[in-house]
Structures are given as C-alpha cells and as structure tokens.
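Hello,

Here is the structure for you to look over. My notes follow below it.

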Amino acid sequence: MTIKKVVPGVLILFGVWGSSLPTNATEGGAPTTVMGLYGFGAGILPPATEYGSVGVRYADYTANRLMDSHGNKEDLNFSLNVKAITLAYIHMTNKTLLGGQYGFGIAAPFFDMDAKLEIFADDFPVFQDHTKLFRSADILVQPLMLQWQPSKNLSVMGQFQVLVPTGDYDEGRLVTPGLNHWAFSPIVGATYVTDSGFEISSTSQLDVSTKNKATGYRNGIEYRNEFAVGQNIGDWTLGVGGYYYDQLTDDRGPGSGDGNRARVMALGPALKFFSPGLPPVWIHAYKEFDARNRPEGYNLSIRVAASF
C-alpha cells in the first residue's frame, strides 16, 4: 500500500469535523467543510438584532473503518476521534440586498484530535503512527448572508463562505487541524413548515479549494446536501436528518492516484428545541454508511445559539 501524507481538516459555522488517512479522497480523506451542520431550520438565519447572534457547537466524530474506492474496509488498524468546539458570531441587519435581508458572520473552531494508524504486511507492522493534540482549526468567514421569506411557510437563505487557512498545520503529522489552503463555498438552504407543523429543511453546498502549496495537492470540487424531516410538537421538532456528500471532480497532485473521489451518506435522529425567550438547541446523532475513499463513522453534535 502506498502511504500518502495525511492532512485532515476542518471547520465551520457552529461546527466542525475532522479526519485523516492514507490514500483517501481529498487531502487526508477529510471533507473541506463540516458535515452535519444544518438540520431543522436550515433555511432560517438569526433575526436582525442590535448586537447580533452567537452560537456554540460541540461535535464528536468517531470512526474505526477506512473505506476504499469500492466501499470495502481497508485492511489496516485505524481509529479516529475528533471532539470539536466552534464559536460563531452572526450579525443580521435590516439592510436588503438582492431582495433579501443582509448579514455576515465568522466562526472559530478548535479540535481535540486522536488518531491511530497501523499497516501490516505478512503480520509485520510496516507503518505505525499516533497523534493526539488540541489546536485551533481554520477560521470560516461569511461576508455574505441573505434571508428571503417567499411565503409564510417557506424560508430561504443563501451564503458565501470563505475558509481562511489560519489553523495549526503540520504536513508531517497523521492529523492536523489546519488545511493550509483556501476554500470558497456557496450555500443555499430552505425550510418549509406546513400549517400543521410538519417541517422539511435542506441545504446544498459546494466547496472549491485552492492548492496546498506545502504539498502541491488540490482537492476536487465537493458537493453536499443536508436535510431534516420532522414534526413540530410544542417547543420541540422531532424527526430524522442526515447528509449526502459526493466529490464531483478529481483531486490533483502527488498521491491523488485515480482522482480519489469520495462519497458518504448519513442518517439518524434529529431534534430541535425552540421556545421564545430561551436559546434554541439542535441535537443529532448520525450513522454514516456507503462510504468511498474516506472514513465511515458516527457524527454526534449539540448546538446552542442566542441573539442579543
């Protein structure tokens, strides 16, 4: 097996995710931006307030399976745990742009990462590595956030995000929080709630990355759709959520092989608590499946926000 330098990653608005490994899609086998961020209310941005809105998200990603391009488990010993805390700020204004309410935001994630990798040949270890660290990851800036309300039941939001390579980076480590490249991400989300309280929320996002100048590697264009479907019951929204991730174009650079395109799906219970005067809370527990060229694991998170 060819060992590629492993550089994981990433980040983002109220959330983060990270991972790594050999011969995997995108550099290090990690998505450029976090998955499992948007759920119920995905098409609704915070209200316009004097001081803006703040959010905190705790996420826990665990995996011990590394899948190849055919969806089979790689024959190696691998484990990854990433605990992430992200602090975010959004300021929606009363100004309008393109017919929508304008705002902007920024998010700062921190990763507690623990990764182990052992590769054997004829029962003899030919590669062993273990990295454990707590570091800052790449900052995500949202210079453009727009909110539309086409009808009383439908909310639509759009964002343009910029991943700024400010995070701790070391190409020699098994995992490293920073990506050492820029990324640009257009996002569109919508939430539809019927008069009886049945909700469907969904977002679509593209990640376009620049080259990592330290390694000469450039990730292909990545697409994801996140969703949640459920019923509002009093202050609670209960249902299921998940995501679909697919790499649309090949990776380029050393170790990119046949393009290292990745994909994965996830599904699990999701809930939201919202009561006027109290901070809203989002919780989900997703199980990944049908992974290609990347880890396959569990994605747990809790997010809390408040407006001032």
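Asn293 is buried, at 8% relative accessible area (buried is under 20%, exposed over 50%, partly exposed in between, with a 1.4 Å probe and protein chains only). Asn293 sits in the loop between β12 and β13 (294-307). Its phi is positive, about 55 degrees, although Asn293 is not a glycine.

Some background. This is a predicted model, where local features need pLDDT of at least 70 and side-chain atom pairs count only at pLDDT 80 or more, while totals for chains, interfaces and linings use all residues. Residues are numbered from 1 along each chain as its sequence is written, and side-chain values use heavy atoms, with hydrogens and water left out.

Asp290 lies in β12. Its phi is near 55 degrees, positive in a residue other than glycine. Asp290 is partly exposed, at 29% relative accessibility.

His284 is also placed in β12 (residues 281-292). His284 is buried, with 8% relative accessible area. Its side chain makes a polar contact of 3.1 Å with that of Asn299 (N or O atoms within 3.5 Å; within protein, one able to donate a hydrogen and the other to accept it, and residues adjacent in sequence count only if both atoms are side-chain atoms). Residues touching His284 (heavy atoms within 4.5 Å) include Gly36, Arg57 and Pro269, leaving aside residues up to four places away in sequence.

Best wishes

How values were computed: Helices (H or I, at least four residues) and strands (E, at least two) are DSSP runs, numbered from the N terminus.
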